[in-house]
Amino acid sequence: MNTKRHITAPNDGIAIRNVVILIMIQATIGCMIPVHFLLGGIAGKQIAASPALATLPISMTIIGGMIATSFITRNMTRYGRQPAFAVATLVATIGCLIAAYGIQSGQFLLLCLGSLLIGSFMSAQGLFRFAATDMASPEFRSRAISFAILGGLAAAFAGPTLAGQYSVPNLATPYIIVAAISVVMTIGYFLLQLPKPERGPKAANIPLREILASSKVRAAMLISITSYAMMNLMMTSTPLAVEGCGFTRYDSSSIVRAHVIAMFAPSFFTGYLIKWFGLNRVVYAGLIIMVLASITALAGVQLSNFYGALILVGIGWNFGFIGGTNMLANALTDPAASKRLQGINDTIMWSCVAVASLSSGLLMNLLGDGARLGWNYVNYAMLPCLIIAMIWGGLLMKKGNQ
């Protein structure tokens, strides 16, 4: 038996090994998410009864992630992260196959059901960032979080490239390919060396009020959740906006690819920026960059505007999300409370992201003013949310530092 698997003291050597494995998993299985986010709305538009329902499959994925988070967190606490991640990935793999059949047969409800199950992996992938910190020293945590999501950079190339090779009626094929990859790569979870589940008092017995009492916890949740929800609002709308403004499927896949690269590429240095400039400054910079993304999108609907807005919102997400995660990882010292906080944070986050995703379809289509005005509505909706997060988050961070 490999006793190293159950080491509980911080060990940056083991943490680095875990990060490498998580990068490999995200670089392969992680292709599932950009493929689905690029094709889900397009496939939905083809087979849904109304164009206003086009982004419902994406919204169902977010809702699936929201539902799955509580199950994954509970199973992580009881059985460990590895089996919880593996089960979630296999559920999402089944979802890919159901979605593929729904697309192929023109059954919108099956596409939505498959999309709901795909959310299981999205939720598990979101929790990878906390798994990266389990064995990391406090000094290494910000870099561990940054590096752990770098596998998304490879997925940013492979996912949209794969999706861009297929058009109607062959949109089901990329889903089948990523399902096959996921089955093979699930074994990677069991190569992780992580602490055993806590056998002490159950996390559920820790009062929620006690967990959320810290201003640092509330600031971390506000910033990370706002960053993710606003990024998703813009990203979900992008394929419909790009093609609705007269550009091609190749253009939309290239823009999404550039966006996902911008989300993950800064991870090479985000941890160092946090070390050099301080966590609060990096987080605030992320929110400001996302505001600039909205302004860029509102300035016009040329390809340069789409590229600029999606690249900026990706960079802003990276700074805000990694910074907020780092704040969350350092906010509590009790392992049981920390794991419960992770589950609470991600459940609320996926709830807000689900609302944002549903709103994107409504803003783009329900008002009936065309893709250009729909795209403007999306970006007008982002600005007040980001400004509130900047003001409220800044006050909470200041209070937490006192």
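Guide: A salt bridge is a side-chain nitrogen of Lys or Arg within 4 Å of a carboxyl oxygen of Asp or Glu. Keep in mind that this is a predicted model.

Visitor: Okay, so what is the general idea, and how many salt bridges does the structure hold?

Guide: Side chains of opposite charge can pair when their charged atoms come close. Here the structure holds two salt bridges. In one of them, R81 pairs with D134, and their closest N and O atoms are 2.6 Å apart. That pair links distant parts of the chain: R81 belongs to helix α4, D134 to the loop between α5 and α6, and 53 residues separate them. R81 is buried, at a relative accessible area of 3%.

Visitor: And what about R129 and D346?

Guide: Their side chains meet in a salt bridge too, at 2.8 Å from N to O. This pair also joins distant parts of the chain, with R129 in helix α5 and D346 in helix α15, 217 residues apart.

Visitor: Are R129 and D346 buried or exposed?

Guide: Both of them are buried.

Visitor: Let's move to rings. How do I read an aromatic pair?

Guide: A pair of aromatic rings is described by the distance of the centres and the angle of the planes. In this model the count comes to 13 aromatic pairs. Take F121 and F128: their centres are 6.3 Å apart with 75° between the planes, an edge-to-face pair. Both F121 and F128 are buried. Y228 and F321 are edge-to-face as well, at 5.1 Å centre to centre and 80° between the planes.

Visitor: Where do Y228 and F321 lie?

Guide: Y228 lies in helix α10 and F321 in helix α14, so their pair ties together parts that are 93 residues apart in sequence. Y228 counts as buried at 12% relative accessibility, and F321 is buried at 4%. Ring pairs also link these two with F264, W317 and W350 into a cluster.

Visitor: Which residue lies over the face of F71?

Guide: That's R74, at 5.4 Å from the ring centre.

Visitor: What sits on the surface?

Guide: I16, V20 and M24 form a nonpolar patch there, with about 270 Å² of accessible area together. I16 is found in helix α1 and is partly exposed, at 45% relative accessibility.

Definitions and conventions
Residues numbered from 1 in each chain as written. Predicted model: local features only at pLDDT ≥ 70, side-chain atom pairs only at ≥ 80, totals over all residues. Heavy atoms only, no water. Patch = residues over 30% accessible without salt bridge, like charges linked within 9 Å, V, L, I, M, F, W, Y side chains within 5 Å. Areas by Shrake-Rupley, 256 points an atom, 1.4 Å probe, with all protein chains shown as cover. Helix = DSSP H or I, 4+ residues; strand = E, 2+ residues; numbered from the N terminus. Buried < 20%, exposed > 50% of the residue type's maximum accessible area, 1.4 Å probe, protein only. Phe/Tyr/Trp six-rings, centres within 6.5 Å; stacked < 30°, edge-to-face > 60°. Lys NZ or Arg CZ within 6 Å of the ring centre and 35° of its normal.
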